[in-house]
Protein chains: 2
Amino acid sequence: MALIVQKYGGTSVGTVERIQEVAKKVIQYRQQGHDIVVVVSAMSGETNRLLNLAKDINQDPRGRELDVLLSTGEQVTIALLSMALMQAGMTAQSYTGPQIKILTDDAFNKARIIKIDETKIRSDIEAGKVVVVAGFQGCDEQGNITTLGRGGSDTTAVALAAALKADECQIYTDVDGVYTTDPRVVPEARRLDRITFEEMLEMASLGAKVLQIRSVEFASKYNVPLRVLSSFTEGGGTLITSEETNMEQALISGIAFNRDEAKLTIDGVPDQPGVAHKILGPIAAQHIEVDMIIQNTGHDATTDFTFTVHRNDYLAAQKILQNIATELNARKVTGDDHIAKISVVGVGMRSHAGIASNMFEALARENINISMISTSEIKISVVVDEKYLELGVRALHKAFNLEQGY
Amino acid sequence: MALIVQKYGGTSVGTVERIQEVAKKVIQYRQQGHDIVVVVSAMSGETNRLLNLAKDINQDPRGRELDVLLSTGEQVTIALLSMALMQAGMTAQSYTGPQIKILTDDAFNKARIIKIDETKIRSDIEAGKVVVVAGFQGCDEQGNITTLGRGGSDTTAVALAAALKADECQIYTDVDGVYTTDPRVVPEARRLDRITFEEMLEMASLGAKVLQIRSVEFASKYNVPLRVLSSFTEGGGTLITSEETNMEQALISGIAFNRDEAKLTIDGVPDQPGVAHKILGPIAAQHIEVDMIIQNTGHDATTDFTFTVHRNDYLAAQKILQNIATELNARKVTGDDHIAKISVVGVGMRSHAGIASNMFEALARENINISMISTSEIKISVVVDEKYLELGVRALHKAFNLEQGY
């Protein structure tokens with residue numbers, strides 16, 4: 001008898017037949033005596049269909065009305081899944097984000113959850129109902145509909161699991177777990193049974209794409225055990241928890257990579273306090289997320305400042321940066337949107353030296369030039385030319401012996 | 001400088017291009033200095049698309065979850081129209097039914113509006129915004145999404161016009177006004193410039209299909225001038241008001257007809273007080289609407305009781321009636337779902353005798369047998385075999401000289 005929050009993504013609910021399959025899976029858990037809250041995404045293709053309608057009106061749709069539009073996608077799914085559950089004899093009740101007051105800030109299109117009012121859901125659960133919640137959406141203080149941005153349904157699921165103090169949050173997707181790297185790039189990639197939140201955070205943020213990073217942050221913060229598993233095949237998936245249970249923790253858990261970024265450099269800015277803020281403040285003000293940030297030791301009282309943004313934000317960030325450059329009397333702004341980032345990730349590296357040199361050696365053997373390096377306690381990332389991405393990932397997967405496991 | 005509520009139906013917003021045309025029309029009115037509130041339906045085809053998804057799960061979808069599903073249709077349109085208005089330089093703001101608290105009862109799928117909170121809209125109007133409202137939907141006291149049933153967007157528009165004390169409520173549709181009868185049946189049918197609420201009520205309820213009956217009732221009750229006009233052609237349409245302005249009012253304004261009904265007869269029920277209620281109570285309790293009701297003078301202490309319902313409700317009503325028949329010890333239940341109703345309508349008939357005999361004579365000349373007759377102050381309706389519908393309507397249109405006008 002556990003309380004489980006299950007989240008099914010767009011592919012898992014892509015047709016009426018698949019929605020009926022989801023209903024069957026929910027009923028199996030229900031029959032084992034578990035209480036179930038289901039979070040669903042829009043049927044696959046639906047969000048793009050809606051987005052294309054909007055783009056026929058405005059090439060770059062955004063703001064309040066886009067969220068009014070996109071939030072209908074999940075609303076369709078909650079109604080259909082509830083019907084399918086009732087048709088199969090369950091009692092079920094659907095809720096949109098605003099209906100259960102998933103309160104967010106008012107940053108339309110990429111809102112953040114502030115609070116969830118779980119009373120309605122709790123009383124429905126007590127009444128024996130399966131509760132079906134629209135992912136990806138909420139509303140602000142004024143009652144305006146907001147969306148959490150792509151992948152936000154994972155965040156909804158974890159936030160609900162945290163609010164309800166659920167025993168487990170299961171994320172159903174079209175892959176059966178978290179792998180040492182993308183099997184499409186490295187066929188020998190291996191599914192991990194367990195991984196820590198920290199590692200998953202690095203894997204997700206670096207483009208492993210299985211889970212949305214904010215959902216992992218949420219899960220970590222509220223210590224909600226998170227399980228990634230497939231809607232289409234059986235299997236225990238990958239459990240993500242705060243515990244490092246393996247005595248013989250591997251040095252490296254996986255190789256993450258990402259070709260969604262672009263880098264921007266502002267050359268010859270005054271090497272003085274407050275400059276980093278002057279550069280990144282206006283970028284952040286436009287809700288553009290910055291990933292890697294590198295500033296070299298200066299010379300001649302000036303320094304160079306490099307950072308990466310999502311490729312979609314490249315042009316917007318470049319424009320802002322050019323204004324800043326004028327203001328700061330900087331030398332020039334350069335950029336490259338044909339880069340790739342490759343990272344090795346593992347909590348084991350904390351206590352082991354030599355990971356970095358192994359990594360750089362493996363890349364050098366393949367003649368891959370490194371243009372940026374950034375490190376954290378449990379990962380080392382490098383930026384390379386986009387064309388070396390696959391070669392680099394394969395070389396590192398082999399160098400760290402990941403196909404063998406520990 | 002007037003406050004106008006405009007309603008655009010599904011065909012008028014059927015594509016992005018048409019939505020942009022609607023935006024242009026709104027802007028024209030705005031530039032004339034009017035304040036505009038727009039009510040829209042789902043894009044044509046959308047409600048059926050959603051309904052078919054539901055039917056893949058449950059052949060007879062209904063209840064709470066159906067409204068969660070269907071209400072997404074209008075929500076898509078309000079977002080797109082608001083975007084189109086903003087793209088054209090207007091300030092616009094969309095609202096779903098629940099967002100402006102269009103409070104309804106909880107009869108899912110055919111809810112009725114109880115109250116509208118117009119404060120948000122009024123302050124938006126004062127701020128110079130075009131307000132775009134989703135038709136057809138609201139929410140009950142508990143915040144559950146409800147829909148008003150097919151055609152409910154007209155009702156939303158009129159209810160909003162009443163709440164806002166608007167100067168006019170314009171219903172844009174794919175016809176350019178109210179005709180003496182359906183021009184597809186009688187090519188000589190003529191557009192009426194004006195018509196009274198009472199006449200329109202009879203025309204609408206009898207199947208003229210231009211406006212939903214509840215919207216006309218609402219408009220009449222709150223004395224909201226209602227104008228029916230085309231989204232696609234210019235022209236003043238038909239104005240529907242409480243005034244009978246023409247000194248020489250025609251005897252008959254139009255011929256309405258309807259093939260959406262079925263009749264049910266319960267034979268040999270006790271001819272005693274309370275029987276009609278015993279028969280119709282359980283029908284009404286299932287939210288099945290009854291149109292004509294006829295009870296003949298009894299004989300042998302029993303009587304026959306006949307009524308008509310929408311064809312979609314025929315089987316459900318028949319089932320209920322069979323139970324009632326057993327209870328009341330009635331002789332038998334019979335029915336026919338191949339009937340048609342034809343009505344002549346006109347406020348002028350109040351002060352003129354002889355309309356009925358003219359009507360029956362015209363039908364007799366064509367050898368059309370009448371199986372039910374029902375009259376009111378301003379209309380006379382007959383039920384005939386469905387196959388005589390067109391013939392009967394043409395005969396009556398000619399007999400009352402409607403192609404000529406007054």
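**View 1. The contact between chain B and chain A.** Contact here means heavy atoms within 4.5 Å, and by that rule 39 residues of chain B meet 39 residues of chain A in this predicted model. The buried area, that is, the accessible area (1.4 Å probe) that two parts lose on being put together, summed over both, is about 3,100 Å² between chain B and chain A, with carbon and sulfur atoms giving 60% of it. Of the area that chain B buries against chain A, 23% is supplied by Ile57(B), Glu65(B) and Met83(B), more than by any other three residues.

View 2. Two salt bridges (a side-chain nitrogen of Lys or Arg within 4 Å of a carboxyl oxygen of Asp or Glu) are found across the interface of chain B and chain A. Arg49(B) forms a salt bridge with Glu46(A), the closest N and O atoms lying 3.7 Å apart. Helices (H or I, at least four residues) and strands (E, at least two) are DSSP runs, numbered from the N terminus; on the side of chain B that touches chain A, at least two residues each come from α1 (16–31), α2 (46–57), α3 (64–70), α4 (72–87) and β3 (92–95) of chain B. The most is given by α4(B), with 11 residues.

**View 3. The axis relating the two copies.** The same surface serves both copies, since 100% of the contact residues of chain B recur in chain A.

**Conventions.** Residues are numbered from 1 along each chain as its sequence is written, while chains are lettered from A and ligands numbered from 1 in the order in which they are written. Local features need pLDDT of at least 70, side-chain atom pairs count only at pLDDT 80 or more, and totals for chains, interfaces and linings use all residues, whereas side-chain values use heavy atoms, with hydrogens and water left out.
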